[in-house]
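Take a look at the protein chain below. This short report walks through its elements, its cores and the confidence behind them.

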Amino acid sequence: MLETVQITLLPSEIERFWSYVDIRSADDCWEWQGARSARGYGIFSAYGATQRTYRAHRVASAIAHGDTHKIILHKCNNPSCCNPKHLSPGTLSENTQQAIREGRWNPPRGERNGNAKLTANDVCTIRRLRDRGIPCKELAVRFGVSAKHISRVSSSKRWSHISPHNESLTTQQGTRHHDDHDRHNPNRRTDRTP
Ligand SMILES: [Zn+2]
């Protein structure tokens with residue numbers, strides 16, 4: 001059973017989408033020139049009637065093949081590639097199996113803990129998208145972290161020390177500890193009811 005996602009774009013949005021793609025010959029990879037996720041997937045923000053963000057390769061596949069499967073596999077193993085010829089719908093297990101075969105499998109970060117690694121670039125992108133009103137929940141899915149973490153990152157509580165040029169910066173191991181700690185001590189507000 002394949003899960004599907006609805007992707008609805010205005011013609012002007014489709015035109016704008018392709019303007020971000022480095023379209024080459026039929027068999028080459030067509031790399032996304034816009035924002036990318038930590039894992040290298042292109043990110044497309046639609047501004048039209050539906051103000052939403054999508055993984056670029058998924059949009060490319062939806063435009064070219066009309067499919068809206070939740071999982072779109074890269075036959076070329078190049079996450080930023082948007083050449084519809086290199087994209088095909090798959091199931092989660094196929095996707096996982098392909099990742100394992102190709103030695104790039106990591107459990108989704110948001111499932112390991114809510115405080116996964118984000119690059120400084122991700123943080124800048126998250127803040128920009130939050131400013132445009134993209135919900136934390138949506139960004140959480142896209143970046144593979146918890147909505148709480150997105151909220152924290154976008155309000156600069158943890159990432160105030162980063163600059164957009166510091167690409168390789170990631171959270172330290174110890175921060176997970178802090179999160180666990182926070183969860184058990186939510187400012188003790190509940191204890192103070194009269
Ligand atoms: Zn490709």
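## Order of elements

From the N terminus on, the protein chain runs α-β-β-α-β-β-α-α-α-α-α-α. That makes eight helices and four strands. Helices (H or I, at least four residues) and strands (E, at least two) are DSSP runs, numbered from the N terminus.

This is a predicted model: local features need pLDDT of at least 70, side-chain atom pairs count only at pLDDT 80 or more, and totals for chains, interfaces and linings use all residues. Residues are numbered from 1 along each chain as its sequence is written.

## Nonpolar cores

Of the 194 residues in the protein chain, 25% are buried (20 or more other C-beta atoms within 10 Å of the residue's own, with C-beta atoms placed from the backbone). A nonpolar core is a set of buried Ala, Val, Leu, Ile, Met, Phe, Trp, Tyr and Cys residues joined through C-beta atoms within 7 Å.

The largest such core has 17 residues. Phe44, Ala56, Val59, Ala60 and Cys82 touch the most other members. Strand S1 (43-46) and helix H2 (56-65) each give two or more residues. H2 gives the largest share, four residues. Apart from this core lies another, of ten residues, among them Leu118 and Val153.

## Confidence

pLDDT is the predictor's confidence in each residue, from 0 to 100. The protein chain averages 72, and 63% of the residues score at least 70. Over residues 108-116 the pLDDT is below 50. Residues 163-194 also stay under 50. Where pLDDT is low, the predicted coordinates should not be read in detail.

Conventions: Buried ≥ 20, exposed ≤ 12 C-beta atoms within 10 Å, placed from the backbone. Contact = placed C-beta atoms within 7 Å.
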